[in-house]
Amino acid sequence: MALCKINTFVNVLRNNGKFTPLCKNALTPNYFKYSNPYLIGSQRWLFHESHRKSGYETELKVSNWEHLKNGFKELKQELKLFKQEIIDLIETDPLLIARPGETDLLWCFNEPNVLDKFVTTADSDHNEGFSKCSLEMSSAGRARFHGYLDVRVPKDGRIKKAGYCAMRSKRVRKSFKRPATYDWHLYNTLVLKLRGDGRSYLLNISCEGYYDITWNDIYHYVLYTRGGPYWQIAKIPLSKFVLGSKGRLQDKQTRMRFDKVTHFGIVCGDKINGRFDLEIEYIGLEFDPTHDEEFAYEMYKTDKYIVGV
């Protein structure tokens with residue numbers, strides 16, 4: 001009903017000569033400095049995702065000449081990666097089995113260069129809040145994700161909720177910047193060794209996929225930290241992660257594609273004003289033979305009028 005009213009209003013503007021300037025301006029994208037047009041004139045805006053970041057421009061725009069210079073600077077490193085790929089192809093020694101009880105590390109935060117594989121973001125980066133965060137080495141020589149969470153909402157008439165800080169791994173790539181994915185099909189448990197502050201954090205595993213409808217598919221699970229001076233080891237079955245898209249849990253749940261994982265991230269957004277501090281020693285994977293659950297949530301088929309399919 002709301003969509004019909006909006007479309008009717010758009011048609012009135014288009015066909016009324018008195019409001020021609022208003023019509024042109026109101027239907028122009030980014031006229032009100034927003035990522036999408038504030039009026040929906042056709043259904044293509046409902047189903048087509050034109051930007052992988054949903055309108056959040058975070059990439060630096062450089063000239064072709066700058067791209068060329070940067071490419072020559074990275075050519076030596078890319079050739080080394082390509083050489084290693086050829087060696088791995090010739091050796092053909094894939095990992096066929098994961099030994100139970102052993103944790104295979106994805107990221108061990110014992111050196112500063114490991115932090116370069118992650119990026120941090122907050123709502124203040126897009127002028128949508130006032131939170132701040134950073135990722136750096138702690139006094140114990142481990143990764144320290146810390147900052148200040150602020151749930152104040154900017155008074156711009158557009159933002160309704162605010163308050164999040166996140167750290168996220170960069171996209172894994174092969175030589176010459178070819179996109180790749182993680183392959184976790186041998187494992188069923190995520191393992192983290194950390195020292196928290198008593199807050200709750202959200203673990204995110206992204207499986208972007210190929211089509212635009214899957215670009216925002218993220219699997220979530222809540223991580224509860226004890227706080228205090230002691231380290232804790234959290235073992236979370238991958239079957240417990242629940243599917244969401246743009247922060248909304250989906251009615252129709254599907255299990256994770258373990259061979260199509262693109263990113264891993266940790267988010268602080270528990271709606272509590274104040275400082276947060278999370279120290280991480282490593283993030284790894286483990287195979288637990290006693291855990292035979294494929295997916296913890298409903299996968300049965302339902303009638304179309306009950307769940308959107």
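The legends below describe an overview and several close-up views of salt bridges in a predicted model.

**Figure 1. Overview of the predicted protein chain and its secondary structure.** The protein chain holds four helices and 13 strands, and buried residues account for 33% of its 309 residues. Where contacts join residues at least 6 apart in sequence, 72% of them link residues at least 24 apart. The accessible surface of the chain amounts to about 20700 Å², with 54% of this area belonging to carbon and sulfur atoms.

**Figure 2. Close-up of the salt bridge between K177 and E78.** Across the model the count of salt bridges comes to 19, and in this one the side chains of K177 and E78 meet at 3.5 Å, taken from N to O. K177 belongs to the loop between β5 (165-169) and β6 (189-195), whereas E78 is part of helix α4 (residues 64-91), so the pair ties together parts of the chain that lie 99 residues apart in sequence.

**Figure 3. Close-up of the salt-bridge network that links E74, E78 and K177.**

**Figure 4. Close-up of the salt bridge between R144 and D277.** The side chains of R144 and D277 meet with an N to O distance of 2.8 Å. R144 lies in strand β4 (residues 143-149) and D277 in strand β13 (residues 274-286), and the pair therefore ties together parts that are 133 residues apart in sequence. R144 counts as partly exposed at 27% relative accessibility, and D277 is likewise partly exposed, with a relative accessible area of 27%.

**Figure 5. Close-up of the salt bridge between R171 and E208.** In this view the side chains of R171 and E208 form a salt bridge of 3.7 Å from N to O. Each partner comes from a loop, R171 from the one between β5 and β6 and E208 from the one between β7 (200-206) and β8 (217-224), so the contact ties together parts that are 37 residues apart in sequence. R171 is partly exposed, at 26% relative accessibility, whereas E208 is buried, with a relative accessible area of 6%.

How values were computed: Residues numbered from 1 in each chain as written. Predicted model: local features only at pLDDT ≥ 70, side-chain atom pairs only at ≥ 80, totals over all residues. Heavy atoms only, no water. Helix = DSSP H or I, 4+ residues; strand = E, 2+ residues; numbered from the N terminus. Buried < 20%, exposed > 50% of the residue type's maximum accessible area, 1.4 Å probe, protein only. Contact = heavy atoms within 4.5 Å. Areas by Shrake-Rupley, 256 points an atom, 1.4 Å probe, with all protein chains shown as cover. Salt bridge = Lys/Arg side-chain N within 4 Å of Asp/Glu carboxyl O.
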